[in-house]
Amino acid sequence: MSTPTLLILPGDGIGPEVMAEVRKVIDWFGTQGMAFEVSEDLVGGAAYDAHGTPLTDATMAKAQEVDAVLLGAVGGPKYDALDFSVKPERGLLRLRKEMDLYANLRPAQCFDALADFSSLKKDVVAGLDIMIVRELTSGVYFGEPRGIIKEGNERVGINTQRYTEGEIDRVARSAFELAMRRNRKLCSMEKANVMESGVLWREVVTEVGKDYPEVELSHMYADAGAMQLTRWPKQFDVIVTDNLFGDLLSDLAAMLTGSLGMLPSASLGAPMANGRPKALYEPVHGSAPDIAGQGKANPIACILSFAMALRYSFDNGDAATKLEQAVEAVLADGLRTADLMGPEGGTPVSTTEMGDAIVAKLGA
Ligand code: NAD
């Protein structure tokens with residue numbers, strides 16, 4: 001088989017700092033006979049500085065060709081005054097749009113050593129491991145008509161929730177496939193009680209479910225889902241939902257588990273010719289300009305994003321689990337970047353020390 005290809009886009013702020021630690025992890029896997037053909041390029045403000053655009057056509061073309069893209073973060077105060085069309089975020093949006101990444105995977109996983117970080121009781125979150133699949137390219141954020149119009153004497157704000165059967169079908173399939181790799185349990189969330197788009201969503205997900213008889217499918221209204229996520233989140237395994245509800249529920253679920261510096265994500269599109277999905281992996285956090293360049297950034301979110309790439313693009317669940325266990329082990333040893341420093345203390349470490357410790361655990 002040909003060597004898997006990976007495009008790395010470190011971006012701005014802490015992006016390059018956390019990505020340097022991921023490079024150490026990639027190099028370690030290379031020493032174990034698991035080599036990647038890695039290329040690196042610019043995105044966001046860094047690309048604007050060099051080329052006057054947050055993503056060049058050449059980088060876009062490369063992103064379409066590789067097996068997976070790994071992105072750090074984009075943006076920063078330096079670029080705030082730029083025209084909307086060349087803002088750093090436009091680079092990321094172009095990647096998501098042109099790669100047609102319709103399934104956004106947001107895990108909410110609570111490492112035991114960090115269970116005290118949650119705002120919920122420890123026994124509610126300890127050992128939590130759920131995955132939210134959010135539809136990313138349609139729904140109310142994109143539906144037409146939209147805008148602010150004048151009706152008589154007052155203005156009216158309009159957005160339209162719109163889903164085609166095809167859009168629901170493909171994201172549902174992504175979620176069922178994921179459920180097949182996990183615990184074969186999927187909960188679909190919508191508001192079929194008050195929204196026609198929710199009625200269609202439920203019908204199509206149910207129909208797709210017939211192709212996955214091994215998966216236990218349930219449905220829940222999204223508002224009830226939010227309550228259940230805070231009451232007893234461990235009842236869920238994979239959740240699939242639309243763009244708007246997914247935006248809210250994935251943030252809610254992620255924060256059950258603590259710091260922004262710990263949260264990875266994947267955005268997947270249609271399968272390519274080699275069977276792998278189009279894929280972009282990135283930490284949930286931004287470029288954190290307040291701590292950039294100070295060695296304070298937590299590289300774990302980016303490292304766990306690479307673990308997701310191992311599992312979902314490179315079909316190597318064992319390597320992904322090994323990497324996640326290495327992260328768990330350094331946390332259990334008490335190593336803490338500044339964002340993880342809670343009342344119970346720990347050993348303060350820098351970005352590079354955290355990366356080195358994780359690589360050391362891999363090799364142990
Ligand atoms: P942010 O995620 O960059 O930072 C929020 C807070 O969390 C900050 O206090 C930061 O120091 C902390 N933080 C974030 N990641 C951390 C890490 N890995 N380790 C330790 N602490 C961490 O969000 P923001 O401050 O709202 O935005 C900063 C810039 O990032 C803006 O330009 C914004 O547009 C951009 N942004 C980019 C993305 C992305 O690239 N996907 C996402 C969100 C924000």
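The crossing of helices α11 and α12 is right-handed, a crossing being right-handed if the near helix is turned clockwise from the far one by less than a right angle, and left-handed if anticlockwise. The model is predicted, with local features needing pLDDT of at least 70 and side-chain atom pairs counting only at pLDDT 80 or more, whereas totals for chains, interfaces and linings use all residues. Residues are numbered from 1 along each chain as its sequence is written, and side-chain values use heavy atoms, with hydrogens and water left out.

The axes of α11 (residues 317–332) and α12 (residues 351–363) come within 8 Å and cross at roughly 120°, which makes α11 oblique to α12; oblique covers the angles left over by under 35 degrees (roughly parallel), over 145 (roughly antiparallel) and 65 to 115 (roughly perpendicular). The contact (heavy atoms within 4.5 Å) involves Lys322, Leu323, Ala326, Val327, Ala329, Val330 and Leu331 of α11 together with Met354, Ala357, Ile358, Lys361 and Leu362 of α12. By class, this contact of α11 with α12 has 10 nonpolar, no polar and 2 charged residues.

Strand β11 (residues 264–271) is mostly covered, since 6 of its 8 residues are buried, that is, under 20% relative accessible area. Its pairings, each requiring at least two DSSP bridges, are as follows.

| Pair | Sense | Bridges |
|---|---|---|
| β4 (residues 103–109) and β11 | antiparallel | 3 bridges |
| β11 and β12 (residues 277–283) | antiparallel | 6 bridges |

In β11, Leu268 is the bridge partner of Ala103, while Ser267 stands opposite Leu280 in β12. β11 and β12 form a hairpin with 5 residues between them, and Gly275 in the turn has a positive phi of about 90°.

Key: Axes fitted to C-alpha atoms, helices over the stretch in contact; angles between N-to-C directions. Helix = DSSP H or I, 4+ residues; strand = E, 2+ residues; numbered from the N terminus. Nonpolar A, V, L, I, M, F, W, Y, C, P; charged D, E, K, R; others polar. Buried < 20%, exposed > 50% of the residue type's maximum accessible area, 1.4 Å probe, protein only.
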